[in-house]
Amino acid sequence: MTDRPVNRDDPLDDFETRQISLLGKTKRVYVSGSGPAVVVMAEMPGITPHVARFSRWVREAGFTVYMPNLFGKDGAVPKMPGAYLTVVKGCISAEFRAFSANASSPVTQWLRALAAQAHGECGGRGVGAIGMCFTGNFALSMMLEKSVLAPVLAQPSLPLNDEAGMHIAPDELAAVKARMEAEDLTVLAYRFEGDKFCKAARFAAYETALGDRFEGRVLPDSAARPNTMMKNPHSVVTLHLIDEAGQPTMAARDEILDFFRMRLN
């Protein structure tokens, strides 16, 4: 993979830009690669160069990446106050329920439809999905789509006002758990130990609900790359990832890629 600087805007010119209409809504989706599909859902404030780098790693691992625009300016390096305004818009958007526990964001219905279409286009055993931060819980809700076999929750941060809350409707959670048991599936999840937005209480809630079907990984804060824009250790495989061999964040990235290979190939 050709390295691209993550401190400059990314033109995303190695992705095909598609307008995909599902359930009466059209969204811009960046598609690239070959092999089984993996839906990569960006964290706030959008498809940053760090998110694009992760998607390229997924592509190089032998998958077709579907990276939908859910908010923000695509390819842009986060800057204030623009990044803050994107978060505010996301919190009040009808597609998200940022402060709702025991409820699923409406946008997850569109994402499930995207996974179904991606599976039809790419084939293979099924589809992988990873959500990050604001979208971190979405990969679990997407398991209501039968093609989704490999869900990953990276620092799931919703609901914002309840550190032990789960951002999924109870009936959906029950259906997901039943499917996991029936098909012997698991969900991977990652957080930094001192993360202020995804605390231990959230992982404990998922562990209580899903039992050993929930595989949570907690990285020490010392494993996070120092960042002046966001000092809180948070983004495991993007902003706070240390791109060096032997680093815990790189090990997390590799585990995620292996998880996709195991479930989808």
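In this predicted model, the largest nonpolar core holds 85 residues. Met-41, Phe-54, Ile-130, Leu-140, Leu-210 and Phe-260 touch the most other members of that core. Beyond its neighbours within four places in sequence, Leu-210 is in contact with Leu-140, Leu-173, Lys-177, Met-180 and Val-187.

Aromatic rings were examined next. The whole structure contains five aromatic pairs. In one of them, Phe-63 and Phe-260 have ring centres 6.1 Å apart. Their planes meet at 75°, so this pair is edge-to-face; the cut-off is over 60 degrees. The two partners are 197 residues apart, and the pair links distant parts of the chain. Phe-63 lies in the loop between helix H1 (49-60) and strand E4 (64-68). Phe-260 belongs to helix H7 (residues 248-264). Phe-63 is buried, with a relative accessible area of 0%. Phe-260 is also buried, at 0% relative accessibility. Ring pairs join Phe-63, Phe-259 and Phe-260 into a cluster.

Tyr-206 and Phe-214 form a stacked pair, because their planes lie at 15°, under the limit of 30 degrees. Their ring centres are 5.6 Å apart. Both residues are buried.

Charged side chains also meet rings. Arg-59 lies over the face of Phe-15, at 5.5 Å from the ring centre. The charged end of Arg-191 sits over the ring of Phe-203, 5.7 Å from its centre.

A hairpin is formed by strands E1 (residues 16-22) and E2 (residues 25-33). The two strands run antiparallel and are joined by seven bridges. Leu-22 stands opposite Lys-25 in E2. Two residues lie between the strands. In this hairpin, Leu-23 takes a positive phi near 55°.

How values were computed
Residues numbered from 1 in each chain as written. Predicted model: local features only at pLDDT ≥ 70, side-chain atom pairs only at ≥ 80, totals over all residues. Heavy atoms only, no water. Core = buried A, V, L, I, M, F, W, Y, C linked by side-chain atoms within 4.5 Å. Buried < 20%, exposed > 50% of the residue type's maximum accessible area, 1.4 Å probe, protein only. Contact = heavy atoms within 4.5 Å. Pairing = 2+ DSSP bridges. Helix = DSSP H or I, 4+ residues; strand = E, 2+ residues; numbered from the N terminus. Phe/Tyr/Trp six-rings, centres within 6.5 Å; stacked < 30°, edge-to-face > 60°. Lys NZ or Arg CZ within 6 Å of the ring centre and 35° of its normal.
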